[in-house]
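Please read the report below alongside the sequence and the 3D structure.

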Amino acid sequence: MKRTIRDFDWHGKRALVRVDFNVPFERGTTRISDDVRIREAVPTIEHLRGQGAAVVLCTHLGRPDGKRVPAMELGPVVERLSELLGAPVGYVHDAPGDEAKTAAAALAPGEVLMLDNIRFWPGEEANDPDFAASLAALADAYVNDAFGTAHRAHASTEGVAHHLPAMAGLLMEKEITFLGGVLEDPARPLAALLGGAKVSDKLKVLGRLIGHADELFVGGGMAATFLKAQGHEIGASLLEEDLIDFCAETMERAAAASTPVTLPEDVVVAERIKPGVPTSVVGVGEVPADAMILDIGPRTAADYAQRLAAVGSVVWNGPMGVFEVPPFDEGTRTVADAIASGNVVSVIGGGSTAEAVAHLGLADRMSHVSTGGGASLEFLEGKELPGVAALDDV
């Protein structure tokens, strides 16, 4: 059990809070296209302010590779956070230096300061001890509320925790609780729904879930390699040829562990990934040589939906098709509707799965939508996340 912000007396203290405000922007503009990561951190910030703390925030944005990139400065993020808090947020174009120290020291209880993009300094990704110490000097205690970066051992996610009392924010606590619950004590039966483009992205999580989940459902582009392993022709679909044997062995191990693996029985195919292209629904043994599998078919979607709505809990990582390009979003939509409508504890992996349920307007009807793509996958694989491990135990 990790220490949380509820376990600390914040009155008159300064909190250094690592948040994940790596938000997307509308192409060619400074308009934030999805502010969910900012909104998810607001409860932690407000709790700290309400307990009498001054709050110093740090985040990364994009991949500036240790150099200052004006387009990756945090002005639009600061503006949006100010709107959500209904209070001004200070902003310094500094993190480890005197300007940041002066601004942090001047904060009154309840005030909020944003440091500049933490990845403008090479010491961040190098987890440089001196850089971590300079960050720690800004505050009395450290809070990690950035689950999406918890799988990175960087100065602001791991190094600084060795210099200050270190605890989880409310978002981090929620992530650990829901994802940990799926692994430790899930409502049964537990179903795992895995999709996305590649089997290679799911190798370790497949191994972890066999024998733990009660059933596995496979969709998305990765289904093509599984179908190939069953002897089906998959046309021009994405194929990871070096993983055909792995898929066959996975199904054998799953059968031996009494974790049945369900593959699509029909699929939506087309010659190109483009809106409005001609499509066909075919059985998995009838994929044309010049066509690609781009979504699960309606029979498969209906079957998955009916069965998933009846389980106790489901962990879902990876969409069922190329959901960004209609009409290849129908399989994902059907399955998501069923999970959202059922009496199911639903834990949605971050990344493209979170984007899909948000795109469909169903995020608020899921039990938990993770803010971490790679982090949630590594957590489900059973890896120790450096940003979590570094926090104080209770």
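Is Phe217 buried or exposed? Phe217 is buried, because its relative accessible area is 0%. Here buried means under 20% relative accessible area, exposed means over 50%, and partly exposed lies in between, with a 1.4 Å probe and protein chains only.

This is a predicted model, in which local features need pLDDT of at least 70 and side-chain atom pairs count only at pLDDT 80 or more, while totals for chains, interfaces and linings use all residues. Residues are numbered from 1 along each chain as its sequence is written, and side-chain values use heavy atoms, with hydrogens and water left out.

## Aromatic pairs

The structure holds 4 aromatic pairs. Rings of Phe, Tyr and Trp (for Trp, the six-membered ring) pair if their centres lie within 6.5 Å; planes under 30 degrees apart count as stacked, over 60 as edge-to-face and the rest as tilted. One of the pairs joins Phe120 and Trp121, which are tilted, with 6.3 Å from centre to centre and 45 degrees between the planes. Both Phe120 and Trp121 are buried.

Another pair, Phe217 and Tyr304, is edge-to-face, at 5.1 Å centre to centre and 70 degrees between the planes. Phe217 lies in strand S8 (residues 215–218) and Tyr304 in helix H10 (residues 298–308), so this pair ties together parts that are 87 residues apart in sequence. Tyr304 counts as buried because its relative accessibility is 0%. Helices (H or I, at least four residues) and strands (E, at least two) are DSSP runs, numbered from the N terminus.

## Strands

Strand S13 (residues 313–317) has 5 of its 5 residues buried, so the strand is largely enclosed by the rest of the structure.

Which strands pair with S13? Two strands pair if DSSP finds at least two bridges between them. Strand S7 (residues 190–194) runs parallel to S13 and is joined to it by 5 bridges; Leu190 has Ser313 as its bridge partner. Strand S14 (residues 345–348) also pairs with S13 in the parallel sense, over 4 bridges, and Val314 stands opposite Ser346 in S14. Together, S13, helix H11 (residues 330–341) and S14 make a right-handed β-α-β unit. A crossover is right-handed if, with the strands pointing away from the viewer, the path from the first strand over the helix to the second runs clockwise.

Strand S12 (residues 292–296) is mostly covered, with 5 of its 5 residues buried. Strand S10 (residues 266–270) pairs with S12 in the antiparallel sense over 4 bridges, and Val269 has Ile293 in S12 as its bridge partner.

## Nonpolar cores

In soluble globular proteins, nonpolar side chains tend to be buried together. A nonpolar core is a set of buried Ala, Val, Leu, Ile, Met, Phe, Trp, Tyr and Cys residues joined through side-chain atoms within 4.5 Å. The largest nonpolar core has 73 residues, and Leu16, Leu115 and Phe226 have the most contacts inside it. Apart from this core lies another of 30 residues, among them Ala15, Ile45, Leu74 and Val78.

## A loop residue

Gly211 sits in the loop between helix H7 (203–209) and S8. Gly211 is exposed, because its relative accessible area is 54%. Leaving aside neighbours within four places in sequence, Gly211 is in contact (heavy atoms within 4.5 Å) with Ala257 and Thr259.

## Salt bridges

How many salt bridges does the structure hold? The structure holds 21 salt bridges, each being a side-chain nitrogen of Lys or Arg within 4 Å of a carboxyl oxygen of Asp or Glu. Some of them are listed here.

| Residues | N to O distance |
|---|---|
| Arg3 and Asp392 | 3.2 Å |
| Arg68 and Glu73 | 3.2 Å |
| Arg307 and Asp303 | 3.0 Å |

Arg3 lies in the segment before strand S1 (14–18) and Asp392 in the segment after helix H14 (386–389), so their pair ties together parts that are 389 residues apart in sequence. Arg307 and Asp303, in contrast, are 4 residues apart in helix H10, which means that about one helical turn separates them. Asp35, Arg39, Arg80 and Glu83 are linked in a network of salt bridges.
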